[in-house]
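Dear colleague,

Please find below the structure that I am handing over to you, followed by an account of what was found in it. I would be grateful if you would read the account with the structure open.

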Amino acid sequence: MISAPDFMPEHMLRDVQNRKFLDVFRRVYANVPWYRELLEKNNVNPDSVKSLTDIVKLPFVKKTDLRETYPTGMFAVPMEKIVRFHASSGTTGKPIVMGYAREDLDAWSECSSRALAMFGLTAKDVLQVSYGYGLFTGGLGLHDAGERLGCAVLPTSGGNTGRQLMLMRDLGVTAIACTPSYFLHIIDHARKIGFDWSETKLRFGIHGAEPWTAEMRKFMEDETGYVARDIYGLTEVSGPGVGGDCPCNSGLHIFEDHFYPEIIDPETLEPLPDGELGELVFTTLDKVGLPLIRYRTRDITRIMPDRCPCGRTIRRIDRISHRSDDMMIIRGVNVFPSQVESILLAIDPNLVNFQIHLDKDASGLDTIEVKVEPTPAQFNELWNDDDAKEAFRKRIAGSLKDTIGIGFKATVVAPDSIPRSEGKCKRVFDNRGAKE
Ligand code: DLL
């Protein structure tokens, strides 16, 4: 299925965005006292906003604003118009609660099913949704997307990995949707039970909700023979299906007729031109329940400056390599978990299970340790040969140091000692605060 809005002539797309932007701006100004106060504080009112180009006059909205107005202080409609809630947990404090009106669920499933169609799925596909169902948007979001496209949806949610594999094979599942880390867990389990991927009909993996590297993607494709696709989204903006990659595999198309993207410098907050790396900001162009204007995602990426060979006019962002909150500063050097992942997988594609531990040494200097889990076969070989084990450890520490420029401690740990994840994976453990 080809989705017409993906290919809309650019001038028509800008017209749609312009019209929807003016409408959403007027709605939040009229209906959300919190917004009106913020806008007035910044000397913005309906007279000063005449077109989308005036968006630069508007203040940004942050996650903390949603937290501070918990639970419904930023809703733009009365509760009788809300038909569903989702919430994003965060690690500390109150969750942020999103309210969806009927129109919001329709627009969301439109976008997420457009993403599935872009990946190559059709009504003939059997889609296993192994994202968690519940407050997290992954499960219900992909579920609605699959049903809307006409797929047969298998709502397994996360967990019970053996049963996931059995159903995948027995029901002829052709596409699975889950986090990349849960798919790694599924691969791990499949190896343990001697599962034969050629007995399945699996042709697509639909993965997102956390950063994953090109190396990780290749590992998953090589292991299973399917094609992995990247789906992007966030609860605040709707859920999965804000964007996704097309078969050209060169960035994620944003469904720009619903979500207007900007890239800003996170320090100066100035907009950056297409092509430059910065923080992704979204304006939801037609959300009804909880519209957001210039929402700072904390995700670091760039808008691709060129047109995609697939012919879609909706612009692309580069894959999200990290969030600004993921950055670790170790002895003054910026380090991202995705760099560590790429380096480990370049050494050996099987080194997909790892953790990063930050600490302080006796003199108060930051230390970084990478715990790496080899496969059972690798581990058995290394265990009986101290020299080989030391060489392996040194190779990892050396590659990390050569590429990133600081000393790493590398530790080889036993198979299965790193906990597996059914949802988003926690890789970084920062114990430095505890010692201050
Ligand atoms: O993770 C929505 C989602 C569900 C997306 C299923 C894709 C698939 P949140 O829990 O609110 O929503 O987390 C949103 O996850 O700001 C990014 O930092 C990260 N993220 C989402 N998709 C990707 C991706 C869902 N494809 C946050 N690549 C976002 C990298 C991603 N990071």
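A residue is called buried when its relative accessible area is under 20%, exposed when that area is over 50%, and partly exposed in between. By this criterion Thr200 is buried, because its relative accessible area is 12%. Please note that the model is a predicted one.

Thr200 belongs to the loop that runs between helix 7 (180-193) and strand 6 (204-208). A polar atom of the Thr200 side chain lies 2.8 Å from the backbone oxygen of Trp197.

Helix 7 also contains Pro180. With a relative accessibility of 2%, Pro180 counts as buried. Although Pro180 and Lys424 are 244 residues apart along the chain, their C-alpha atoms are separated by 8.3 Å. A contrasting case is the pair Ala115 and Arg191: these residues are 76 residues apart along the chain, and their C-alpha atoms are separated by 30 Å. Ala115 is part of helix 4 (residues 102-119), and its relative accessibility of 0% places Ala115 among the buried residues.

Salt bridges

Side chains of opposite charge can pair when their charged atoms come close. How many salt bridges does a search of the whole structure find? The search returns 39.

Lys20 and Asp286 form a salt bridge through their side chains, with an N to O distance of 2.6 Å. This pair links distant parts of the chain, 266 residues apart: Lys20 is in helix 1 (residues 10-31), whereas Asp286 is in the loop between strand 11 (278-284) and strand 12 (295-301). Are the two partners buried or partly exposed? Lys20 counts as buried, at 16% relative accessibility, while Asp286 is partly exposed, its relative accessible area being 22%.

A second salt bridge joins the side chains of Asp306 and Arg316, at 2.9 Å from N to O. Asp306 lies in the loop between strand 12 and strand 13 (316-317) and Arg316 lies in strand 13, so this pair ties together parts that are 10 residues apart in sequence. Here, Asp306 is partly exposed, with a relative accessible area of 46%, and Arg316 is buried, with a value of 3%.

Asp430 is partly exposed, since its relative accessible area is 41%. Arg432, at 13% relative accessibility, counts as buried.

Beyond these pairs, a network of salt bridges links Asp6, Glu110, Arg114, Asp257 and Arg312.

Surface charge

Which residues gather in a patch of negative charge on the surface? They are Glu381, Asp385, Asp386 and Asp387. Asp385 is situated in the loop between helix 10 (376-383) and helix 11 (386-404). Its relative accessible area is 34%, which means that Asp385 is partly exposed.

Backbone geometry

Tyr70 and Pro71 are joined by a cis peptide bond, with omega at about 0°. Pro71 is located in the loop between helix 3 (63-68) and strand 1 (82-88).

Leu269 is not a glycine, yet it has a positive phi of about 65°. This residue is in the loop between strand 10 (259-264) and strand 11. Leu269 is partly exposed, with 30% relative accessible area.

Asp416 likewise has a positive phi, of about 75°, although it is not a glycine. Asp416 is placed in the loop between strand 19 (409-412) and strand 20 (428-430), and with a relative accessible area of 44% Asp416 is partly exposed.

With kind regards

Definitions and conventions:
Residues numbered from 1 in each chain as written. Predicted model: local features only at pLDDT ≥ 70, side-chain atom pairs only at ≥ 80, totals over all residues. Heavy atoms only, no water. Patch = residues over 30% accessible without salt bridge, like charges linked within 9 Å, V, L, I, M, F, W, Y side chains within 5 Å. Areas by Shrake-Rupley, 256 points an atom, 1.4 Å probe, with all protein chains shown as cover. Salt bridge = Lys/Arg side-chain N within 4 Å of Asp/Glu carboxyl O. Lys, Arg positive; Asp, Glu negative; His and termini not counted. Charge placed at Lys NZ, Arg CZ, Asp CG, Glu CD. Helix = DSSP H or I, 4+ residues; strand = E, 2+ residues; numbered from the N terminus. Buried < 20%, exposed > 50% of the residue type's maximum accessible area, 1.4 Å probe, protein only. Polar contact = N/O pair within 3.5 Å; in protein donor to acceptor, adjacent residues only side chain to side chain.
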